[in-house]
Amino acid sequence: MAALTTTVADLSQQSVRDLNSALHQASSGTSWSVTHPDGAHNLAVGLTAALDVVIDGPAGYYCAGMNQRATVTVHGNVGPGVAENMMSGTVRVRGSASQSAGATAHGGLLVIEGNASARCGISMKGVDIVVGGNVGHMSAFMGQSGRLVVCGDAGDALGDSLYEARLYVQGKVKSLGADCVEKEMRDEHLAELAELLKSADRDDDPAGFRRYGSARELYHFKVDNSSSY
Amino acid sequence: MEPVSHGLRESATFDRATIHAIQRAAETGIYDIRGWGAKRKVPHFDDVLFLGASMSRYPLEGYRERCDTDIVLGDRNATYPLRLKTPVTIAGMSFGALSAQAKEALGRGASEAGTSTTTGDGGMTPEERGQSKHLVYQYLPSRYGMNPDDLRKADAIEVVLGQGAKPGGGGMLLGQKITERVAAMRTLPRGIDQRSACRHPDWTGPDDLEIKIRELREITDWEKPVYVKIGATRTYYDVKLAVQAGADVVVLDGMQGGTAATQDVFIEHVGIPTLAALPQAVQALQELGVHRRVQLIVSGGIRGGADLAKAMALGADAVAIGTAALIALGDNHPKYDAEYRQLGSAAGYYDDYQDGRDPAGISTQDPSLSARLDPVEGGRRLANFIRVMTMEAQTIARACGKAHLQHLEPEDLVALTIEAAAMARVPLAGTNWVPGAGL
């Protein structure tokens, strides 16, 4: 249900503490507009209610960190750790993201319309991440669960030491990390990918993507694998 | 007949444990992974002594005059700092490494004694939260089980950069301990050998950490103290950086600190002794003008009230116990000796916490073994031990004329060895010599 009014939080007039405190007390269904963010850190962190928060400009570190249920949209670029440890809800970045986007996130959807830097989806634990552009090196490092969709290219060592996260890349992969391998794209994967692209409002053809996952060769310590670590 | 009676001589360089280690490596092709902490002898609190009062100092009556033990942790920024009855806290140990019963027993014992316990690399269990009056929630590189609901349930947050047993190393939990429940809490497949990261995934240095700490404060509305835990290495600089990053409490873990599973080579060869690190930390806090305002918790080989009193005299505000707490619960108890021997160990030597077959039911996820530990009885034993530690420290403090454990000071101490004198920065007993002072 659309909110009737939008509360404006002008960060040229109030502090990040004021903003987060107000958002923590806000009721589900309310809408918020954050103006003059000017790259401030820790914007809209620790939200628990189903709020609609629009940040009108660039944000710094950990924007929407540990989000639960809220929808946060950033009209600009974001610093490191956007939506880190998100549990649920949606975070959409209209620009590009610095490193460690969606780090350790357990759930929800993170959409980055531009590029994401290194370590996108590091230690991801169930989140879905859709990146419109490219991702940097070591993306999905130690990814435990969830899906990472890259519509552009992936940098070095994609999926290094991967556990059970599933990776889809449309463009080129510079190199795969230890224990990450290309896997067959079956019908269920095409269907899953189509759904993820749709949820991110993208019209890319799932058939143009490749799938990567864990070879599960490093799940147990074996002396013969020592050169892989 | 014992070989020594034939005049045979054991090599000091290649002693029997060393020979065995070489043989084991040659046979298995993998390094030794074990629990416990450093077993080598290093300068420690045993190497310093108290100067009790006599003519020049006035003691307190042992059974009549008060010697207080209460402490406040994390009152620099938090709305709700921790107020503990004793400066003996329980160190972070994970559910996964320990059984749910052991975690519950730690919570029960700490609560009964009026102190805090700490989660570990594996999230917060309901048993632990439910039984812990003061629960510190660790924020680790792996972020296993990390969720904001638990963060808000915690009484304090401990950002872990390292631990004394393995500064610079990540965690490890071998497959035999990754049961369904442990796997689900960590979002991992059951039965795999789990590798925890050694670096945090979303920050890399002290400037980033400052922002990260502010994020944690923002998420929890500045209610909770934020600790920073470091393994003892370049302690002077690390403490300064931790304080600059905003730590309310610094937790310093020396090389004798325990672990549930780490390479033996790491445990024995990386990091510095607690005794060497503590004065460095205090110096850093004093130079920043925040000694006592940013509290210092010291761990790594704390075994009793004398260690507690000595740590506090050197400038700590509190200590944390891990290995000693497990021993209080029943670890290495002689009644399990026959079973330890079946595992190739013996009571007093058992350190295979990584193995998951702990007869005492502590470092295991096997339901038949963990059921051996009664959390109520274990908690009572731990509370007893903490009370004894506290009373022992009070005994020493009164003898030094101190009405609070925090009034103990370096001037109350002397060292037995030159090494300890240099590390603790107190005089060698019977002299005025502090090796290295003034350099």
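Two strands are taken as paired where DSSP finds at least two bridges between them. On that basis, in this predicted model, eight strands of chain B form an open sheet with parallel pairing, in the order β5-β15-β14-β12-β11-β8-β7-β6. The edges of the sheet are held by β5 (88–90) and β6 (116–118) of chain B, each of which has a single partner strand, so one side of each is left without a neighbour in the sheet. From one strand to the next the twist averages 30 degrees.

Within this sheet, strand β7 (residues 134–139) of chain B runs parallel to strand β8 (residues 156–160) of chain B, and four bridges join the two. B:Gln138 stands opposite B:Glu158, a residue of β8(B). Helix α9 (residues 274–287) of chain B packs on the sheet, where it touches β12 (249–253) and β14 (295–299) of chain B, and the direction of the helix makes about 175 degrees with that of β14(B).

A further packing in chain B involves helix α10 (residues 305–313) and helix α14 (residues 375–399), whose axes come within 7 Å and cross at roughly 55 degrees. On the side of α10(B), the contact is made by B:Gly305, B:Ala306, B:Leu308 and B:Ala309, while α14(B) contributes residues including B:Val388, B:Met389, B:Glu392 and B:Ile396.

Between the chains, the contact takes 37 residues from chain A and 22 residues from chain B. On the side of chain A that touches chain B, α1 (16–25) and β7 (125–131) of chain A each supply at least two residues, and α1(A) gives the most, with five residues.

The residue classes of the two contacts are set out below.

| Contact residues | Nonpolar | Polar | Charged |
|---|---|---|---|
| Contact of α10(B) with α14(B) | nine residues | two residues | one residue |

As to confidence, chain B averages a pLDDT of 95, and 100% of the residues score at least 70. The model as a whole scores ipTM 0.96 and pTM 0.96.

Technical notes:
Residues numbered from 1 in each chain as written. Chains lettered and ligands numbered in written order. Predicted model: local features only at pLDDT ≥ 70, side-chain atom pairs only at ≥ 80, totals over all residues. Contact = placed C-beta atoms within 7 Å. Axes fitted to C-alpha atoms, helices over the stretch in contact; angles between N-to-C directions. Nonpolar A, V, L, I, M, F, W, Y, C, P; charged D, E, K, R; others polar. pLDDT = per-residue confidence, 0-100.
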